[in-house]
Amino acid sequence: MSAAQLLLRLTGVSKTYPGFQLQDINLELPPGCILGFVGPNGAGKTTTIRIITNLVRPDGGRVEVLGRTWDRDEVAIKSRLGYVPEDNQLYEEATGYWLGNFLGRYYPTWDDAFFRTLLEKFHVPGNKTVKQLSKGNRTKLAVALALAHRPEVLILDEPTSGVDPVVRHTLVQELLEVIQDETRGVFFSSHIIEDIEKVADRVTYIAGGRIALAGDKETILEQWQELTFRLKDAGQLRQVQRLVPYVKESGLEVAAVTDAYNPRLLQELRLLAAGEVTRRPLGLEEIMLILAGNEWQKAEGA
Amino acid sequence: MIIMWELVTKDYYLLRRQAWWVLVLLFFSYFFGFRGGAAAVLAISSGISAYLLVLSSLSIEDKNNSLSFLRLLPVPARAIVDAKFLELVLGGLLGGVCGLVIVTLISVTGLKTITGPEVIWGIISSLAIITIVYSPTLWLFFRFGMQAARIASFITWFAFWFGIVTLWQRFTIVTLWQRLYQGSMGLFPSPLVAAGVLLALVTAACFVLFLVLSRRAFVYREMR
């Protein structure tokens, strides 16, 4: 896909803070796509989002939003961007309707009827002040405000964090509706992998300020598989370690995880196995846990 | 300008519940101002309303962590800073208008003799004082945050409105001001016209300097 068609493109982006470094971040968001941006707390998700939205200036690299750069087209980009921050930044003293009216004056594409429809759909009382709303309703109001000008790029920073499953479901369904319009894209950051698994087309996993995994969700789920089998003899373990990166053994019993599953790999492992090789596809959460390195150590030379 | 006006009206809307506080403080301030004459009424009135409106709006931004929200509006970042400075001037003018109403009432009811020069120079000096005293506070807010702005405004408030004004009365220049306020020097005596021009220049320079510094500080602090 050419750079001009991409909604978001980050190339080699870096940012250093005392005690934290964001390094070599490369990201692409094509139209019609929901990109799930996952990672543990403190991995660099919010910093990356703040760089994308120009709230933080990167030390290095290039950020393009809708094919434009912030230094040249700040206002034009902002008018086509929707953002729901992690921490609620809405004025507590303002009502939902007033906020809609206020933002409507700044966005040429603001659709007030759509905004009110969203509030009704989300069951958010627009005549109450933000202070009077529950956390879930505040989040829904923030999403409605971000959607009402029909942004081409919607950036959500942990919108489902701390809200109940019903609200999460509503928000996730809304994102799926947004993406029906194939010209728009959603950048959805969350540490709730279940939500990402439901809606994302692409997944990027960030850990320790670096991107540890990125790609099409279906491809990732196809390629990451757990394979369990019994070795013919213990000496074959090294061969297994050369074929798959993550291996755990207990005597002759082996559990292995590959990040590049293909039928040929299965055939090769069958030659080393005493019996049948059992294959189990992994969920995103399991993959993230493996990448976190708590339970599975990556074999050297794999 | 329209962009900035929307940002200013936003602050007035958000401050709607605190507005009565301003009115109560203004009401009581007039009792103190009455003794000092029209200039004191105008200075206190402008000072209080500018101080309360600007500081309250900064507090609201700080409490709601809303500067990032504003930064994402499709407006240049400098418009957010400019709006606060516009608010400062408008707050001063609003207080000035309230002060003028009180001064008129004092004059009409015959409670005290009010002279024209007293009113004119009262308004000019009020606006100058507000700009010189509060522009740095706005810069401190955009550069270091609310805590620094709050401390600075607290210090300037006490240092200026109580300390400096008290000391001022001990200087001999006060005689000149008294004569002026009494109308004995006419409406535009040349020494005071010169002083007025100088004050206007200092005010404008102070306003522009801190506006530029605030714009830079806002970008630096928010984007680092």
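How much of the chain is helix and how much is strand over residues 8–233 of chain A? Over this span the chain is 35% helix and 29% strand, and the end C-alpha atoms are 51 Å apart; helices (H or I, at least four residues) and strands (E, at least two) are DSSP runs, numbered from the N terminus.

This is a predicted model, in which local features need pLDDT of at least 70 and side-chain atom pairs count only at pLDDT 80 or more, while totals for chains, interfaces and linings use all residues. Residues are numbered from 1 along each chain as its sequence is written, and chains are lettered from A and ligands numbered from 1 in the order in which they are written.

**View 1. The open sheet of chain A.** Six strands of chain A, in the order β5-β6-β7-β3-β8-β9, form an open sheet with mixed pairing, where two strands pair if DSSP finds at least two bridges between them. Because β5 (81–84) and β9 of chain A stand at the edges, each with a single partner strand, one side of each is left without a neighbour in the sheet. From one strand to the next, the twist averages 15°.

View 2. β5(A) pairs with β6 (residues 153–157) of chain A in the parallel sense, over four bridges, and A:Tyr83 has A:Ile155 in β6(A) as its bridge partner. Helix α11 (residues 284–292) of chain A lies across β3 (34–38), β8 and β9 of chain A, and runs at about 30° to β8(A); axes are lines fitted to C-alpha atoms, for helices over the stretch in contact, and angles run from 0 to 180 degrees between N-to-C directions.

**View 3. The contact between chains A and B.** Here 19 residues of chain B are in contact with 22 residues of chain A, two residues being in contact if their C-beta atoms, placed from the backbone, lie within 7 Å. On the side of chain B that touches chain A, the largest share, four residues, comes from α1(B).
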